There are 2 protein chains.
Amino acid sequence: MDKIKRNERLAVMTQVLTASPNHIFTLSYFCDLFSTAKSTVSEDVAILQQTMKQFRLGQLETVTGAAGGVRYRPIGMHSSSREFIEGICEKLREPGRMLPGGYLYFSDILSTPELVQGMGTLIASQYYHANADFVLTMETKGIPVALMTAQALRIPLVIARRATKVYEGSAVNISYVSGSGSIESMALSRRAVKEGQRALIVDDFMRGGGTARGMMELMKEFSVTVAGICFVLALEEPKKRLIEGEKALMLLSDMRDGEPLSVRPADWIV
Amino acid sequence: MDKIKRNERLAVMTQVLTASPNHIFTLSYFCDLFSTAKSTVSEDVAILQQTMKQFRLGQLETVTGAAGGVRYRPIGMHSSSREFIEGICEKLREPGRMLPGGYLYFSDILSTPELVQGMGTLIASQYYHANADFVLTMETKGIPVALMTAQALRIPLVIARRATKVYEGSAVNISYVSGSGSIESMALSRRAVKEGQRALIVDDFMRGGGTARGMMELMKEFSVTVAGICFVLALEEPKKRLIEGEKALMLLSDMRDGEPLSVRPADWIV
C-alpha cells in the first residue's frame, strides 16, 4: 500500500470515529490501519480535536490508561441544540395535530431519522457520566429516539412490552397505574437485563409519569438501578406527578383544542 | 476566520457527509462553510472519493444537474458484509436461544445499535434505486433495523400498529392471516402516508410471509406501491409461502430443539 497522506488519514479517522460514538479506539489501531508511527497518529488526533471543536462537530477525547485511546462523543453537534429543538416545537405547533380527547399527533416526528438522531444524541449528551448499561423504553413510539440515544452511548437498547410474547422467553410481568388512571401491564424478558446493571429510561411522552414509574418498578424486580429518566416531551405541570428527577427535551404547558400548542425547549438545552 | 487547511476541510466534509447519508449537499454549501473557491472544494471531493473507496468507507457520488452536488451512501461499508452477517449468524447459533414452541430469541440482536445499524445499512444498499418514499414496518421488534434502513436512505419510517391508538388519529384497520394461521389485525394512521407513494417493507422475521402480506394489503388501502420487501431473518423453505420477491439478510433452514440453529447469510451478501 502507498503511504497514506495526512489528508486521507484525517478523513478516514473522522469516518471511523464518528461511526462508532463512545467507542475507544487505541492509537495502535490507527497505526496499523495506516502503517504509520504513533507520533504521527497523535498529531493527527490533535488536528482533528481542534477541527471538531472549531466546527462544532462533537468532542474528541483522548483517554489515558491501559484501556486508553481516542473516543468521539457527539456532544454539541448542532450549531445550536436549542434551535434544533425549537424547530421541532414549531412542527408540533402546526395546526391539525390536536386529536379528539386531548391527544397530540407526533408519531411522524418520532420516526423521522434525522430528527430522532438529533434528539437521541442530545439526550445522550446528558448521560455520558451516568454509566448506564442499557437504555430502557416501553414499546412503541419511543423506540426510535431511545435507539439513537443508545447508539450515541454505545450501549444496548432494551424494549419493555405491553404483554409477554412467546418469542421473548420467560418474562417478568408487572401491573402499573397509567397517567390516566387505568391499570396497565408491562413485561420484560428475563434474559434482557442482568442484576446490578444501570438503566437509562427514555420515552416519548410524560403525562404524569405513570409509565415511567412502571418501568422503575420493573427495574426493581430485576435489581437494576435507574441512572436517569428522559422524555422527548413532558407536561410541564401535570395534575398528578408520579416521578421526579426526570429530564425532557420539550415542555408542554397546555393542550387545548383549537388553540396553538404551548410547547418550548427545556431550559437545560442551550 | 483563519484560512481552513485541506486537512481540516476533509475532516469536516467527511463528518458532514456521512452524518446525513443520501442527502445531496451542493458544492456551494462547502464553499460557504470554508470561505473557499468551488475548484478547491471539487478537488477536496475528488480526494475524499478516492480515500473512501480505498478504505471501503462507503460511496461518495457527485450528482449533476440543477439539484446537483455531492452525496454519501453507506454502500460497501463493512470490510466484508458477509463476515458481518456471518458474525450475527454465529450469535444466533449460541445455545439457549431456542424457546419452547420452536421460537427463537433474538430481541437482543435486534436492538443492539451497532448490529442494527450494520444490518439497516446493508438492507438500504439494495434499495437506493427503488425510490421508496418511506420504510414501513410492523411494531415492535423490527423497528430498530427499519429505522436504520430509513436513516441510510434518508426517508421517514412508518410504523404499523397492532391496533388503533387514540394518539394516532383516524386509522385504516385491516385483518390478515398470520403465518401460524391466526387472524390478526393491523392499523395505520390515515395521515402517516400519502396516496401514490412507494413503500419499502422491512421486518424482523418471515415465517411464511403472513404479516408482510398484511402490510401489502394495508398499502393497497392507501394506494401505495410496495417497492421492496426485506427481512432480517427468513425461513428458507416455508411450508406455505404467502409472498414472493422478498429479500432477507439471513436464511434459516431449520429450527429444532436441542440442535444448533441452521442459519446462513443470504447469497446476495458478498
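**Figure 1. S35(A) is found in the loop between helix 2 (27-34) and helix 3 (38-54) of chain A.** The structure shown here is a predicted model. Most residues other than glycine have a negative phi. S35(A) is not a glycine, yet the phi of this residue is positive, at about 50 degrees.

**Figure 2. A cis peptide bond joins E139(A) to T140(A) in chain A.** Most peptide bonds are trans. In the bond from E139(A) to T140(A), omega is near 15 degrees. T140(A) belongs to the loop that runs between strand 6 (134-138) and helix 6 (143-153) of chain A.

**Figure 3. In chain B, the peptide bond from E139(B) to T140(B) is cis.** Here omega is near 10 degrees. The loop that holds T140(B) lies between strand 5 (134-138) and helix 6 (143-153) of chain B.

**Figure 4. Chain B is superposed on chain A by a rotation of 180 degrees.** The shift along the axis of this rotation is 0.0 Å, and the RMSD of the superposition is 0.0 Å. The two copies are thus related as by a two-fold rotation axis. In general, two copies of a chain are related by a rotation about an axis and a shift along it.

**Figure 5. Chain B and chain A bury about 4900 Å² between them.** Of this buried area, 63% is on carbon and sulfur atoms. Three residues, Q15(B), F55(B) and Y167(B), supply 13% of the area that chain B buries against chain A, which is more than any other three residues supply. The contact takes 59 residues from chain B and 59 residues from chain A. Because 100% of the interface residues of chain B are also interface residues in chain A, the copies meet through the same surface.

**Figure 6. A salt bridge links E114(B) to R154(A) across the two chains.** The closest N and O atoms of E114(B) and R154(A) are 3.8 Å apart. Between chain B and chain A, the count of salt bridges is two.

**Figure 7. The second largest cavity holds about 30 Å³ of space.** A search of the whole structure finds two cavities of 30 Å³ or more. The lining of the second largest cavity consists of R161(B), A163(B), T164(B), K165(B), E168(B), A171(B), A187(B), L188(B) and S189(B). By type, the lining residues divide into four nonpolar, two polar and three charged. Strand 8 (residues 183-189) of chain B gives the largest share of this lining, with three residues.

Notes
Residues are numbered from 1 along each chain as its sequence is written. Chains are lettered from A and ligands numbered from 1 in the order in which they are written. This is a predicted model: local features need pLDDT of at least 70, side-chain atom pairs count only at pLDDT 80 or more; totals for chains, interfaces and linings use all residues. Side-chain values use heavy atoms; hydrogens and water are left out. Copies are superposed by least squares on the C-alpha atoms of residues with pLDDT of at least 70 in both. Contact means heavy atoms within 4.5 Å. On a 1 Å grid over the protein atoms alone, a cavity is a set of points where a 1.4 Å probe fits but cannot get out, and a pocket is an open set with protein on both sides within 12 Å along at least five of seven lines; lining residues have an atom within 4 Å of a point. Grid points are joined across faces, edges and corners, and a volume is the space filled by probe spheres set on the points. Helices (H or I, at least four residues) and strands (E, at least two) are DSSP runs, numbered from the N terminus. Ala, Val, Leu, Ile, Met, Phe, Trp, Tyr, Cys and Pro count as nonpolar, Asp, Glu, Lys and Arg as charged, and the others, Gly among them, as polar. Buried area is the accessible area (1.4 Å probe) that two parts lose on being put together, summed over both. A salt bridge is a side-chain nitrogen of Lys or Arg within 4 Å of a carboxyl oxygen of Asp or Glu.
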